[in-house]
Each structure stands twice: as C-alpha cells, then as structure tokens.
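Please look at the sequence and the structure first.

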Amino acid sequence: MQRRLLGTTGWDVTEIGLGTWNIGGAAWGDVSDEDGRAVVRTALDAGIDFVDTADVYGDGTSERHIGTVLEEDDYDREDIVVATKAGRRLDPHTAEGYNAENLESFVDRSRENLGTETLDLLQLHCPPNDVYYQPEVFDALDDLKVRGKIAHYGVSVEKVEQALKAIEYPGIETVQIIFNMFRQRPAELFFEEAKRRNVGVIVRVPLASGLLTGAIDRDTEFPENDHRNFNREGEAFDRGETFAGLPFEQGLDAVDALETHVPEGMTMAQMALRWILDHDAVSTVIPGSTSPEHIRDNVDAAGMDSLSHETYGAVRDIYEEFVYEDVHHRW
C-alpha cells in the first residue's frame, strides 16, 4: 500500500487504515472477543499500520483488543500507529466536562487499555460545539503532550464548521471527519484549509454504515443493538453517524443509481474507497469490518486506478439528485 503523511506528526501511514468501532461489541451487534482480535490481526497482516479506536467502543473493549494483539503477537509496536479518542465517556456529555482532570483520567485509562506509556494520537471525540471555543481544553492537551502521556493530538468532528474552528489551534495535527460519496461537503473549504495548514485528514464512515458496500437492501434486518436500527433519527447520538445522515430508503435509491457506474474489476465498496483516496487532502481512510475478506478487499482498493472523470461526474449527479438537500448543509 501507498503511504501518506499524517499532517505534522511525521508519520507516513497506510492509505487504508482500520476503524474499530464495530469490534467493541456495542452499537454494531454482538462481536466475540476472539472475532474482535482476529479483525486487528487480519488488518495488520494485510499491511495496515494505522488503527483507530476510542475509549467508549465497548467501554474500552476495542482498545483492549488492540493492546492484547500488539502485546501477544509478533508485531513491531514502533511500526504501528494507534489513534484513540476521549470525551464521550462523560455523562452528561457537556463542554464543562472537557477539563484537564477528566482528560487526564481518560488518557490514563486508554494508556492502560492499550498497554502503552504514551498514546500515539489522542483525539477529542466529537465534543460539544462550545469546546472548540475553550482554549483551556487545548492547553490541557498541550500539557499532556509535554508530560509524555500523548505524542500528538487532534479532534474527531461532526461538522465541517467544527473542523475549521479546530484547526485554528496550532496543536491540532489531525482532524477525523465523515467523508464519502454521500457526504461531500468536506471537499470544499475544509480540505483546502487542511492542506494549507498541513493538517492530517482521517476519513471515517467511508462506506456510509454499509450502504456503500452494496450489500444492504430493503430486506436487510439489523440487530436490536445495532445503531443502524436504533439511531436512524439520531435517538442515541448524532444522526450523521448512521448512513451518513441519509434516510435509509433514500440511501438505497442512491446506491441503486450508483451501481451502474461501478468500474469493471471493482466492488461498490472499493469504488467508494477509491473515490475518497482520489482526494489528495486525505491522509488515511478507516473502514471497519468484522470480515477478514472485506478487510483485504478494502486494502486492495488502495492499489486500484483512480476513477475516471465520467465516474466522478456520475457520482456528483447522483449526490445532487438523492443526497444534497437532506445532507449537504447539515454537516
């Protein structure tokens, strides 16, 4: 796989990384510990060297799976970047909770879960909007960095406006954001500003919660504890995290329109990943899966040819017809 520079961190990371929300055993249905660790091993064996997690994925389960694999298996820890997130354990999840004491507590817990003295990359986990206007939060992160508890820090955001505000802080080296064929707005001003400031861009939800795999249809039933069942209207967290914010049936209509434009030799998922990687502001993409076959297919997308101008035009037309009105200005 090709590698790309992750902002000012100094790390060249693989274009395809691994997202581990779904191996935490929460919000995606049940996943066994064995299967969760197998996902991490499959990704690392396929050449992936950037793994993203969070302290709330299974209340630390995802972090512990990664830590266990890195400790017990024959991988060089220095060659693998593990990014985690903090903040969503707050209850209530308020801006006031993002204080130095709480952040250090979260960091210490993640360090223990991952079995490391220093977290490679800590990201604030989609904090409330007011956090972006509290410089003391970022001062606290600077202090944790000086003290060696974190090596680098960034933010994971819901909205483009939050990303643009975050990168005004000089310590922010990465921004994680939803970007896919159904969430195209980041490619406008934010990508331009991220490139100008040399901020790494980590793309999450690249397959729109599975819609852009082409494997979901109108008869698909999701487990009761799968966010694609319980969060379609934002009942549990931001609606934009589920199907990229697009109403389910409407998303399926858009996928039907896209299917005729999938290049020969590519799957729908590979086309979706290749579309993202064709944007040079992107540092890495972090699809998640519990299927070893899908993980290897995702890796293969990095070596495929860029999409044609005709395909790009078709994707844009479909976005404008099925997606734009419901999604574009919300996030």
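The text below covers the overall build, then the aromatic rings.

This is a predicted model, in which local features need pLDDT of at least 70, side-chain atom pairs count only at pLDDT 80 or more, and totals for chains, interfaces and linings use all residues. Residues are numbered from 1 along each chain as its sequence is written, and side-chain values use heavy atoms, with hydrogens and water left out.

**Overall build**

The protein chain has eleven helices and ten strands; these are DSSP runs (helices H or I, at least four residues; strands E, at least two), numbered from the N terminus. The radius of gyration of the chain is 19 Å, close to the 20 Å of the globule rule for 331 residues, so the chain is as compact as a globular protein of that length. That radius is taken over C-alpha atoms, and the rule is 2.2 Å times the number of residues to the power 0.38. The C-alpha trace spans about 55 × 40 × 40 Å along its principal axes.

Of the 331 residues, 57% count as buried (under 20% relative accessible area; exposed is over 50%, partly exposed in between; 1.4 Å probe, protein chains only). Among contacts (heavy atoms within 4.5 Å) between residues at least 6 apart in sequence, 76% join residues at least 24 apart.

**Aromatic rings**

The structure holds twelve aromatic pairs. Rings of Phe, Tyr and Trp (its six-membered ring) pair if their centres lie within 6.5 Å; planes under 30 degrees apart count as stacked, over 60 as edge-to-face and the rest as tilted. Two of the pairs are listed here.

| Pair | Distance of centres | Angle of planes | Type |
|---|---|---|---|
| Trp 21 and Phe 237 | 5.8 Å | 65° | edge-to-face |
| Phe 222 and Phe 248 | 6.1 Å | 80° | edge-to-face |

Trp 21 and Phe 237 link distant parts of the chain, 216 residues apart. Trp 21 sits in the loop between β3 (18–19) and α1 (33–45), and Phe 237 in the loop between α7 (227–230) and α8 (248–259). With 21% relative accessibility, Phe 237 counts as partly exposed.

Phe 222 lies in the loop between β9 (200–204) and α7, and Phe 248 in helix α8, so this pair ties together parts that are 26 residues apart in sequence. Phe 222 counts as buried at 13% relative accessibility, and Phe 248 is buried with a relative accessible area of 8%.

One aromatic cluster is formed by Phe 179, Phe 190, Phe 191, Trp 275 and Tyr 312.
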